[in-house]
Amino acid sequence: MDLRDRDTRALDLKSLAPANVRGIAPYVPGKPIAETARELGLLEADILKMASNENPLGPSPKAVAAIRGALGALNYYPDGSGFDLKAILARKLGLAPENLVLGNGSNDILELAARTFLTSSDSAIYSQHAFLVYPLVVQAIGAQAIVVPARRYGTDLDAMAAAVRRDTKIVFIANPNNPTGTFNPWDKVREFLERVPERMLAVIDEAYGEYLPDALQSPSPGWLARYPNLVVSRTLSKAYGLAGLRVGYGFAHPDVAELMNRVRQPFNVNHLAMVAACAALGDDDFIARSRGVNAAGLEQLREGFERLGLEYIPSLGNFITVRVGDAARIYDTLLRQGVIVRPIAGYGLPEHLRVTVGQPRHNARFLAALERALVKA
C-alpha cells in the first residue's frame with residue numbers, strides 16, 4: 001500500500017465521525033511553560049505564565065500536606081461515590097449529598113449537564129464571549145447553539161431570556177464570565193430564573209466565585225428549593241490552587257444530580273484530588289490571602305493599563321482583559337520576553353489579551369514587558 005492509499009484510508013476513518021464532531025475546533029489552553037522554553041530556548045525558571053487563571057500563590061498548603069499523607073494508597077481505586085468530599089461540601093453549602101455531583105474540574109460538570117439532557121433535537125443558549133467549553137459540548141452532542149450578543153462584553157440576561165425557544169433545553173451563564181470578567185448582579189440572575197420555563201435547565205458556572213467580594217458572594221445554594229431546574233458548577237482549580245488535580249463539583253435538585261451521576265464516569269475524580277479538595281475546603285486562611293492578593297493585583301494592573309492609555313474590561317475574576325490592538329503581535333512579543341498571556345481571538349476578541357492576576361512582582365514584570373511590546377508595535 002503506498003502513501004496515497006494510506007492517506008485515503010485515514011480520510012475514510014475520519015468520515016466515520018458525525019459532521020458535528022468533525023467540525024469541532026479543539027479547545028486551546030494557555031501555552032505551557034515547558035513548551036515555551038523549548039521553542040524559544042529560554043530557561044523555564046525565567047518564564048512567567050499569566051495565561052490560564054491559575055493561583056499565583058500555588059496550592060493550598062493544607063492540600064499539599066494531605067496529599068503527602070495519602071500517597072501510600074495509590075494502588076486502590078478512588079471512592080467512586082466521593083463520600084467524604086460530598087459530606088464536606090454538603091456542610092459547607094447547606095445542602096444534602098444527594099444534591100452533589102463531583103467532576104474532573106468544573107468543565108466535567110458542564111459536559112455532564114449537556115450529555116445528560118441535550119439531544120440533537122434540542123437547542124442551548126450561551127452568550128457571545130462566553131467560555132469556549134459551552135459551544136464545544138453543545139456541538140459535540142449535535143444540539144443547536146443559540147449565541148446571544150453580549151452587552152458591554154457581558155451576558156445580556158434580558159436577551160438570553162428572549163432567545164428561549166420551545167426546543168431550548170439548557171442555558172449556560174458564567175458569573176463572573178470568562179474571559180471578560182463581567183458580572184451580573186445576583187438579583188438580576190434570580191429575575192432571569194423566574195422568567196425561564198422550568199422545562200429547561202439554567203446552568204450557572206461559578207468557577208471564579210471565591211474571588212467575588214463578600215457583598216457579592218453567590219446565594220445560589222439557597223435557590224435550589226425554589227428553582228429545581230438550576231444547576232451550578234464550581235471548581236477548586238482557581239482560588240484553591242488545585243488546577244493540576246482537576247477537581248470540581250456541581251449542585252442541583254436530587255433528581256437532576258442523580259441523572260448526571262448516571263452519566264458520570266465511575267472514577268472521574270482521582271483519589272489525590274479528593275484528598276486535596278477535602279483539606280483545601282477547610283483552608284479559609286489561604287482563600288482569604290488569595291482574595292487579598294487578587295484584589296490588589298487587579299488594581300495594580302488597572303493602574304498600569306491606564307498609565308499606558310489602554311482600554312480594559314473591568315473584571316471580578318482573577319484575570320483582566322485588555323485591548324492592545326494587534327493582539328497577535330503583542331502576544332508574540334511578550335512571549336519572546338518570557339511572559340505568557342492569553343490571546344482570545346477565538347472568543348471573538350481579536351484585539352484583546354487576557355492576563356491572569358499575579359503577585360505584585362509578576363504584575364510589574366508583565367506591565368514592563370507590555371510597555372516594551374507596545375513600543376515595538
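In helix 10 (residues 254–263), the buried residues are Val256, Ala257 and Met260; buried means under 20% relative accessible area, exposed over 50% and partly exposed in between, with a 1.4 Å probe and protein chains only. Viewed down the axis of helix 10, these buried residues fall within an arc of 95 degrees, so they line one face of the helix. The arc is that of the directions from the helix axis to the C-beta atoms. On the other side of helix 10, Asp255 and Arg262 are exposed. The cover over the buried residues of helix 10 includes strand 2 (100–103), helix 6 (106–117) and strand 8 (248–252). Helices (H or I, at least four residues) and strands (E, at least two) are DSSP runs, numbered from the N terminus.

The model is a predicted one, in which local features need pLDDT of at least 70 and side-chain atom pairs count only at pLDDT 80 or more, while totals for chains, interfaces and linings use all residues. Residues are numbered from 1 along each chain as its sequence is written, and side-chain values use heavy atoms, with hydrogens and water left out.

Now for the protein chain as a whole. The protein chain has 14 helices and 13 strands, and 50% of its 377 residues count as buried.

The largest nonpolar core has 52 residues, and Phe192, Leu236 and Leu242 have the most contacts inside it. Such a core is a set of buried Ala, Val, Leu, Ile, Met, Phe, Trp, Tyr and Cys residues joined through side-chain atoms within 4.5 Å. Helix 11 (residues 271–280) gives the most to this core, with 6 residues. Leaving aside residues up to four places away in sequence, Leu236 touches several residues, among them Leu242, Val247, Tyr249 and Ala277; contact means heavy atoms within 4.5 Å.

Rings of Phe, Tyr and Trp (its six-membered ring) pair if their centres lie within 6.5 Å; planes under 30 degrees apart count as stacked, over 60 as edge-to-face and the rest as tilted. The ring centres of Phe131 and Tyr134 are 5.8 Å apart and their planes stand at 85 degrees, so this pair is edge-to-face. Phe305 and Phe366 also form an edge-to-face pair, at 6.3 Å centre to centre and 90 degrees between the planes. Phe305 lies in helix 12 (residues 284–307) and Phe366 in helix 14 (residues 360–376), so the pair ties together parts that are 61 residues apart in sequence.
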